[in-house]
Amino acid sequence: MDIKISPSMLASDYANLQTELEKCEKGGADLIHLDVMDGHFVPNISIGAPVIAAMKKVCKVPFDVHLMISDPLFYIEDFVKAGADIITFHTECDSDINATIDKIISLGCKAALAVKPNTPIEDVFPYLDKLSMVLVMTVEPGFGGQSFMESTMPKIKLLREKCPNLDIQVDGGINTDTVKIAGRAGANVFVAGSAVFKSDNPAQTIQMLKENAR
């Protein structure tokens, strides 16, 4: 499986988004991770489709949009128009999961499902034939800077055994050390926020994350 690094803009300097995106692009990032929070599904509120659309104008790296919102189905069209390449939403949301996946795919986007740390990975199994990726949260969603939860690794191992060729993403507490643990478990797509944006050399950090994940 290809190793992919998806820097999370949640940890970036929001006053200088174009500069931060350029760091990722020049540094060899494979995706740009964009966390959308509604203040309901998770306690925090972050960016929406208009901000993503503005960012898309100055970045060529594919956008990996993570919807931590209660009713993703209602907003899918907005995020596709804004420039999402992959849209991830949660099994724990209120929307009909099949209908939401079908809507994403019908609009030419890749669909992915996410599970919180305490949600069984089996919850995604009925939808695997339609998904391009599954995101296993390695922290509780909604806040940056949390510690990596190694207790989620058995879910990744089980999913990798079932789906040898599926992109499996991890998000939460990923750094140059924890990326090794998640990589050994079977993950191949790594969301890294603070590790990249708080680094003195983001490009070097992105490359180190890739090397350590292998």
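Biologist: How many helices and strands does the protein chain have?

Modeller: Helices (H or I, at least four residues) and strands (E, at least two) are DSSP runs, numbered from the N terminus. The protein chain has eight helices and eight strands. This is a predicted model, in which local features need pLDDT of at least 70 and side-chain atom pairs count only at pLDDT 80 or more, whereas totals for chains, interfaces and linings use all residues. Residues are numbered from 1 along each chain as its sequence is written, and side-chain values use heavy atoms, with hydrogens and water left out.

Biologist: What radius of gyration does the protein chain have?

Modeller: The radius of gyration is taken over C-alpha atoms, and the globule rule is 2.2 Å times the number of residues to the power 0.38. For 214 residues, a compact globule would have a value near 17 Å; the protein chain has 16 Å, which agrees. The C-alpha trace spans about 45 × 35 × 30 Å along its principal axes.

Biologist: Which residues of helix H2 are buried?

Modeller: Buried means under 20% relative accessible area, exposed over 50%, and partly exposed in between (1.4 Å probe, protein chains only). In H2 (residues 49-56), the buried residues are Ala49, Ile52 and Met55. Seen down the axis of H2, they fall within an arc of 120 degrees, so they line one face of the helix. The arc is that of the directions from the helix axis to the C-beta atoms.

Biologist: Against which elements do the buried residues of H2 pack?

Modeller: Packing is read from contacts, that is, heavy atoms within 4.5 Å. The partners are helix H1 (17-26), strand E2 (32-37), strand E3 (63-68) and helix H3 (72-82).

Biologist: Which residues of H3 are buried?

Modeller: They are Pro72, Ile76, Phe79, Val80 and Ala82. These residues cover an arc of only 145 degrees around the axis, which puts them on the same side of H3. Their cover includes E2, H2, E3, strand E4 (86-90) and helix H4 (97-106). The face turned away from the buried side carries the exposed residues Phe74 and Lys81. Just after H3, Gly83 takes a positive phi of about 120 degrees.

Biologist: Is Glu161 buried or exposed?

Modeller: Glu161 is exposed, with a relative accessible area of 64%, and its place is in helix H5 (residues 153-162). For the protein chain as a whole, 54% of the 214 residues count as buried.
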